[in-house]
Amino acid sequence: MGVALVNPDLSQYICIHGHFYQPPRENPWLEEVEVQDTAAPYHDWNERITAECYGPNAAARILREDGRITDIINNYQYLSFNFGPTLLAWLERHASNVYQAILLADRLSQDNFGGHGSALAQVYNHLIMPLANRRDKYTQVVWGIKDFEHRFGRRPEGMWLPETAVDHKSLGVLVDHGIKFTILAPHQAHRIRPLGGDETEWLDVSGGQIDPSQPYRVMLDSNPNNSKYIDIFFYDETIARAVAFEGLLSSGEHLTNRLMEGFSEEREGPQLVHIATDGESYGHHHHFGEMALAYAIERLRHNTDCQLINYGQFLEHFPPIWEVEIYDNSSWSCPHGVERWQADCGCCSGGHPGWHQAWRAPLRAALDWLRNELAVLFETQGSQYLDDPWKARNHYISVILNRRLDNLDDFLHLHQKYPLKYFERRDTLKLLEMQRHALLMYTSCAWFFDEISGQETVQNLKYAARALQLARSFTGENLEEEFMRRLSWAPSNIPEFGNGAQVYRRLVLPALVDLRRIIAQYAISSIFEEKPQKSQIYCFELEHRDYRQETYGGTALAVGRMMVTSQITMSAEELTFVVLHLGGHDFHCVLRTTRGIMEYEQLKKELFQIFAFHSLTEVIRYLDNNFGTNYYSLKDLLTEERRKLIFQIIAETFARFENTYRQQYEENRKLMEYLKEIEAPIPRPFLVAAEYTLTQDLERETKHLEDTLDWERVIALVEEIQRWNLKVEAERLEPPFRRTLETALDDAVKSLDQRGKLENALQILKIAHLLPFPVNFWGAQNRFYQFWQEEGRSLKEAAAEAETGLELVDLEILQAIAEQLNFALE
């Protein structure tokens, strides 16, 4: 594919930038995002926003007037965009198809835009750069660049500053690392003059008066040669605001026209109309926004009056001719500069009138104090093992990106003072992880919203708690006590919390995880499921050295020896555990360090003797005497495992419910028919029994359609549900049906010589349109579109010429599948 060049006959160019970002949501101890009920029906907010925005922009639909799909495009390859590094890490693990589409888009954009990739790097975890010290600024930029190079395979030309918060020192760090440009809001510009101009030529452009249609240059040193500089693009704030907040994405035609209206005949020379908004505008904040964007992209790509371009390509052909002075400590989302992230400036979400944000300053002050204390500890302790602890911290991103032991060995070989022993390697990793969490605790979202007990602020406090936990290995001081004292100066708007210290005590401390809690998790869950010798719980590896379980009536006793190892810090411990299941949800689990095989075997023998011949009270007394009175119960388990066990515990109850509901429905169905015939209201209990029974039956029938499709049974169930106007649980029924459909479609297009598979996929699609809940066809449409683009047309031509075994009737099935999937394909 050739590289697209700038058309010399044009003077009008358009660039659309999307800032795609979510705050890191991973549990700091588990390194994974736990279930977030507010994101239902999705597992968490990352998953939900991926389904609503990041995925749809990788495969955006273009529709004709009747609503049928004529094309699917990857919006990213025509945009300028940046993704937060922590978000990309999550996408790589949990939405690999979307992640790969983003990386592919950057490669394709280099063909679209003269060799310039559209992806920009981003400061690593979205902290407010003007409020960071120089050391943290440096690490944030280094980590952001290294993460970008690891994923996109090239050096970044530009870098996104979180909230476009800027100061000259931060720009200097960007330039020191080879960054050529960044993007700011118009009101962040103070004055401009021609490059090389004198003091008399400054023009005031404050208040957003700067012309956004060209780039500008910021000079960063006082050297007369002005050799250190960075280029700035100030986006069109009027159009960007219309996209983000004024409904412009309700129509692709309106978006196209509004972008074209950004050009002015009064300007001379090349003009760049460009906007920058949160990328989530395109699909998450504005439903179907990605389709409006796709429509606009296609219209602009074929518009002979303008050319789509990205910032790197525009800079190559049209470098700045104006110098600009910016306002230090300014941002795009706070008219008071950067006060939103350190003071009660009045900026808030607006969702809670009357609430204050007086907690912001004390929160930042407490975190600054903690950062400084941890820095001293890191430097003092780290100097024992590392040639230069701060240089090692900057390079630690290589370990974060690849935690394989051979990569860790390479990292330590570069930075260690001497070959480190196991415990020294462990301590080195603890110190570096302490610093990683000391950076994560500054993620900007903690200050953006209204209340210190909000989930974004609590997330940052969890990072602080993890850093404090790691610090305990190296200091006798109680840093946490002083940290909480300082948090107590941060007032909450909610009386039940009172202040930041209470928020920390109630919402953060219960979330702490250590090696013992992981083993307790394993021990309790082992009562219900047989465990392999080696297993994994999040970022912890487990190996049981011995395990025995016996049951009696509705009770059970398990005793074992377990080795647990953190994959992050290499911390490890062997523990002896005992878990007593008293029935139902009542568990009593105790742990202690294994003291020797003989002692362990004697303990195990005595315990099972007591369990066999004495009361449960005697078992617990024995445990208290040998393990102490502290114990773990179901409430101490990690959230998702706790829920899983609870559902296992109550499964028998559910089965009894189903039998009761089914009996009631079958016994009263004729009465329901009669009541309906005479137009009398049907009692709610009858409808509840029908709803539960028919939902269960429909779930069973639609789970494995690729194996046994009982078309008539499914139709009958759907008609029965519609007859009684029942509501089924779409959140439960849709995902397995969708997966079945996608599997059947994959099988069909991979086995075109097996007509039965094509017919099966078509039948499942027909069923999908009859179901009493909407089915998400997005994945199935993507699969079929890719197949059709790669093979569909050639198959049709070959079949017409009788060169393949694919008969015309099979092509008719493929076309029927396309129609069921809402395509209007040739």
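Helices (H or I, at least four residues) and strands (E, at least two) are DSSP runs, numbered from the N terminus. The model is predicted, so local features need pLDDT of at least 70 and side-chain atom pairs count only at pLDDT 80 or more, while totals for chains, interfaces and linings use all residues. Residues are numbered from 1 along each chain as its sequence is written, and side-chain values use heavy atoms, with hydrogens and water left out.

Among the buried residues of H24 are Phe-686, Leu-687, Ala-689, Ala-690, Leu-694, Asp-697 and Glu-699; buried means under 20% relative accessible area, exposed over 50%, and partly exposed in between (1.4 Å probe, protein chains only). Helix H24 (residues 684–703) has 20 residues, which at 1.5 Å a residue should span 28 Å, and this agrees with its end C-alpha atoms being 28 Å apart. The expected span is 1.5 Å times one less than the number of residues.

## Packing of H25 and H27

The axes of helix H25 (residues 711–723) and helix H27 (residues 755–770) come within 10 Å and cross at roughly 5°. Axes are lines fitted to C-alpha atoms, for helices over the stretch in contact, and angles run from 0 to 180 degrees between N-to-C directions. H25 and H27 are therefore roughly parallel to each other (angles under 35 degrees count as roughly parallel, over 145 as roughly antiparallel, 65 to 115 as roughly perpendicular and the rest as oblique).

On the H25 side, the contact is made by Trp-711, Val-714, Ile-715, Val-718 and Gln-722, and on the H27 side by Gln-763, Lys-766, Ile-767 and Leu-770. Six of these residues are nonpolar, two polar and one charged. Ala, Val, Leu, Ile, Met, Phe, Trp, Tyr, Cys and Pro count as nonpolar, Asp, Glu, Lys and Arg as charged, and the others, Gly among them, as polar.

## The five-stranded sheet

Five strands form an open sheet in the order E15-E16-E17-E18-E19, with antiparallel pairing; two strands pair if DSSP finds at least two bridges between them. Strand E15 (534–537) and strand E19 (586–593) stand at the edges with a single partner strand each, so one side of each has no neighbour in the sheet. The twist averages 30° from one strand to the next.

Strand E16 (residues 540–552) and strand E17 (residues 555–566) run antiparallel and are joined by 12 bridges. Helix H21 (residues 616–627) lies across E17, strand E18 (572–583) and E19, at about 30° to E19.

Note on methods
Contact means heavy atoms within 4.5 Å.
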